[in-house]
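Take a moment to look over the sequence and the fold before reading on.

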Amino acid sequence: MSLDQCADQFVLALKPDAELRLSPRSDDADAYLREQARAHKHIRPSLEAAVAFKPDVVVRYWGGDMLLLRRLEQGGVSVVNIEDSRDFDSIRSNIRNLASSLNVPDRGEEMIRNMDARLAAAAGQGKGRRATYMTASGFSAGPGTLIDSILRAAGFKNATKAAGYQALKLEQLVLTPPLMFVRGFFEQAFMDWRGVGRHPVLKPLMAASDTADLHASTLTCPGWFAADAALTLAETAQ
């Protein structure tokens with residue numbers, strides 16, 4: 001049983017042959033394995049659902065309240081946590097930990113090899129050019145984030161210098177536009193349609209600069225598919 005969309009992706013990739021119960025968001029448009037998720041039952045991440053299903057293993061990233069988690073552990077259910085990741089080393093650790101907990105270590109190593117092959121193909125393609133990551137709502141990501149690791153994996157320098165996630169200033173973008181805009185979550189047109197990232201003044205700047213669009217499904221969770229985002233950046237740079 002998985003308790004959130006991120007956990008859904010991991011269990012679908014590592015244990016697709018198990019009897020799975022996925023979260024209601026497992027096949028949303030921003031889920032990486034949304035097509036595979038449709039072949040499985042979806043249930044709410046609630047105590048009632050867990051009691052009815054009787055899972056052997058529960059996987060979570062952020063889902064489930066403390067009452068549910070406490071009752072699961074009291075009942076002898078193995079609860080496996082996916083830890084937050086700021087770089088690809090921690091993603092590898094998450095894969096190995098979960099693969100071991102699900103008794104599929106070989107599948108975990110294969111997943112890591114596939115991720116590393118994508119990273120190798122992306123490496124250095126940005127040739128050190130400055131790039132600014134921007135969501136439609138107008139947020140960026142500096143050092144100490146997985147976005148920063150994705151940019152560096154593709155050979156770009158992050159133009160956002162302050163650590164962590166922060167709001168971008170429209171005036172600063174206009175005065176000192178980056179050599180490349182890296183846009184995240186822009187395909188979700190129903191979200192943040194009045195956000196800073198969609199401001200009309202930025203449209204000519206983006207038209208005059210290189211622009212890469214990263215699909216939301218590669219960004220919503222610290223999973224192996226973050227390497228797909230790096231490869232998309234590398235292909236845009238070529």
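Strand S5 and strand S9 (residues 180–184) run in the parallel sense and pair over five bridges, where strands count as paired if DSSP finds at least two bridges between them. Within this pairing, Tyr-133 stands opposite Val-182 in S9. S5 also pairs in the parallel sense with strand S7 (residues 157–158), here over two bridges, and Ala-131 stands opposite Asn-158 in S7. Helices (H or I, at least four residues) and strands (E, at least two) are DSSP runs, numbered from the N terminus.

This is a predicted model, in which local features need pLDDT of at least 70 and side-chain atom pairs count only at pLDDT 80 or more, while totals for chains, interfaces and linings use all residues. Residues are numbered from 1 along each chain as its sequence is written, and side-chain values use heavy atoms, with hydrogens and water left out.

How many of the six residues of S5 are buried? Strand S5, which spans residues 130–135, is mostly covered, with five of its six residues buried; buried means under 20% relative accessible area, exposed over 50%, and partly exposed in between (1.4 Å probe, protein chains only).

A search of the whole structure finds one disulfide, a pair of cysteine sulfur atoms within 2.5 Å, and this disulfide joins Cys-6 to Cys-221 with an S to S distance of 1.8 Å. The pair links distant parts of the chain, 215 residues apart: Cys-6 lies in helix H1 (residues 5–14), and Cys-221 in the loop between strand S10 (210–214) and helix H10 (226–237). Cys-6 counts as buried because its relative accessibility is 3%, and Cys-221 counts as buried because its relative accessibility is 4%.
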